[in-house]
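Me: I've got a structure open and want to go through a few helices and the ligand. Can you help me read it?

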Amino acid sequence: MADGSGVRLTGLVKAYGPVRAVDGVDLDVPAGELVTVVGPSGSGKSTVLRLIAGLERPDAGTVAVGGQDLRDVPPHRRAVAMVFQDYALYPHLTVRENIMFGLRVRKVPKDEARRQAAAAADQLGIADLLDRYPDQASGGQRQRVALARALVRAPGVYLLDEPLASLDAQLRLTTRADLVALHRQLGSTTLHVTHDQAEAMTLGDRVVVMDAGRVRQAGPPQEVYDAPADTFVARFLGSPPMNLVPGGGVLGGTGGDGGGTVGIRPEDLALDPDGPIEATVEAVETLGSEAVLLTRCPDGVRLTVRTPPRLGLRSGDGVRLRPDPQRLHRFDGSGRRQ
Ligand SMILES: Nc1ncnc2c1ncn2[C@@H]1O[C@H](COP(=O)(O)OP(=O)(O)OP(=O)(O)O)[C@@H](O)[C@H]1O
C-alpha cells in the first residue's frame, strides 16, 4: 500500500524560549521506509515527530508529506498517525470504541467503522478484547490497541514515539517483531523514536542519530555502527560504548598534531597473551552469553573489553589486549571521522 507518502523535512527549526529543540533538521524519508530516530533525552526527537504531526508549528523550515508542503494543513487533515508511549487511550471507551474513535470523528459510518476496527484488532491479535475497557487489558495489549487505532486511520505516515518503552523485555521483543511485520505488510512510511539500542540497530532501514536538535548522522544501522561520523555517534550507538582514547595513547598515535582521538569497540579488543596492550582487570560484568571486562592500562586509560563468558577472570588480574587494526576509528581534533 505504499502510496508515495515520503516525508521531507527541510531546515526545520523549533525553539521553546531560549531552547532550540529542533535546530535545522534536514531529513528525507522515502515512501515506505522505516527509520528509527535515536538520541539522548532532550535531543529533539519527539519535537520532530510533533512538527510532522502538526501538533507544533515550526519557527522555520518546512514539513512535506508526499511532496505537499503541510504548512497550512491542520493536524487532523494530515495523512499522519502518531502513537505515543503512554497509549493515550480513553479510559471510558471500550477497546472497540477507542479504535473507532478517529473514524467516527471523520464521520465514517458506524458499521464501516466497526468493520475496520474489528479487522485491525484481528491483525494485532486483540480481537477478543474489543468489548473490554483499557484498564482490563495488559500494557502490551493496550499498546496494540493504540497501534490498531493508528492502523484504521490508514495514514501514509506513522509516527511512533517510543511505543514499546513501557513494555517488559519479553513483550518488547514480540511487539517489535509485530511492528516490523506490520510495516512490511503496510509498506507505510514510519518514523520510530526509541531509546533502545537493539531497536535502533534492528528495526529500521536507516537510523537517524540526533543530538541537541540536529541530525548527527543518518544511514543504514550497520554502516553507522561501523563508520560513525563523529565521536558523539561513536559513543552513542553501541552498548557498552566505543572506547575513545584522546591522542590515541595505547591504541597508537593519532598522527598530525596529536589532537585527535582513536576509538575501538569493546568487541574489537581481543584477549591475547602476546597482545601489545597491557591492562589490569578492574571489574567483570557477566551477562550470561558474554562478559564485559573493565580494564585499566598503566597510563590510566580505561578500556572496556567484550569477551566470551566463563573465562574465570577477576578484578586485579593482569591481561594483554590486541586491538583489531581493521577496526580502529580515527577522529580529528574536532571529533569528526578522518
Ligand atoms: N512544550 C515545551 N515547552 C518547552 N520546552 C520544551 C517543550 N517541548 C520540548 N521542550 C524542550 O525541547 C527539547 C527537546 O525536547 P524533545 O521532547 O523533543 O526531546 P526528546 O529527544 O524527545 O527527549 P526524550 O528522549 O527525553 O523524550 C528539550 O530541551 C525539552 O525540554
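Me: How many residues does helix α3 have, and how far does it reach from its first C-alpha to its last?
Reply: This is a predicted model, and in it α3 runs over residues 110-123, which is 14 residues. Its reach from first C-alpha to last is 20 Å, close to the 20 Å expected at 1.5 Å a residue.

Me: ok. Which residues in α3 are buried?
Reply: Ala-113, Ala-117, Ala-120 and Ala-121 are buried in α3. They cover an arc of only 100° around the axis, so they sit on the same side of α3.

Me: Why would residues three or four places apart point the same way?
Reply: Because an α-helix has 3.6 residues a turn.

Me: And what's on the face of α3 turned away from the buried side?
Reply: That face carries the exposed residues Asp-111, Glu-112 and Asp-122.

Me: What covers the buried ones in α3?
Reply: The cover includes α2 (95-105) and α4.

Me: What comes just after α3?
Reply: Gly-125, which takes a positive phi of about 70°.

Me: Switching to α5. What span should its residues give?
Reply: Helix α5 covers residues 169-186, so 18 residues, and at 1.5 Å a residue they should span 26 Å. The end C-alpha atoms of α5 are 26 Å apart, which agrees.

Me: Which α5 residues are buried?
Reply: Thr-175, Arg-176, Leu-179 and His-183. Seen down the axis of α5, the buried residues fall within an arc of 110°, so they line one face of the helix.

Me: And which exposed residues are on the face of α5 turned away from that?
Reply: Gln-170, Ala-177, Ala-181, Arg-184 and Gln-185.

Me: What covers the buried residues of α5?
Reply: Strands β3 (34-38) and β8 (189-193) are included, and so are helices α4 (139-152) and α6 (197-202).

Me: Which residue just after α5 has a positive phi?
Reply: Gly-187, with a phi of about 60°.

Me: New topic, the ligand. Which residues surround it?
Reply: The residues around the ligand are Tyr-16, Val-19, Ala-21, Gly-39, Ser-41, Gly-42, Ser-43, Gly-44, Lys-45, Ser-46 and Thr-47. The elements that give two or more residues to this shell are β2 (19-29) and α1 (45-53).

Me: Which one gives the largest share?
Reply: Helix α1, with 3 residues.

Me: How many of the shell residues are nonpolar, polar or charged?
Reply: The shell around the ligand has 3 nonpolar, 7 polar and 1 charged.

Technical notes
Residues are numbered from 1 along each chain as its sequence is written. This is a predicted model: local features need pLDDT of at least 70, side-chain atom pairs count only at pLDDT 80 or more; totals for chains, interfaces and linings use all residues. Helices (H or I, at least four residues) and strands (E, at least two) are DSSP runs, numbered from the N terminus. The expected span of a helix is 1.5 Å times one less than its number of residues. A residue is buried if 20 or more other C-beta atoms lie within 10 Å of its own, exposed if 12 or fewer, and partly exposed in between; C-beta atoms are placed from the backbone. The arc is that of the directions from the helix axis to the C-beta atoms. Two residues are in contact if their C-beta atoms, placed from the backbone, lie within 7 Å. A residue is near a molecule or strand if its C-beta atom, placed from the backbone, lies within 6 Å of it. Ala, Val, Leu, Ile, Met, Phe, Trp, Tyr, Cys and Pro count as nonpolar, Asp, Glu, Lys and Arg as charged, and the others, Gly among them, as polar.
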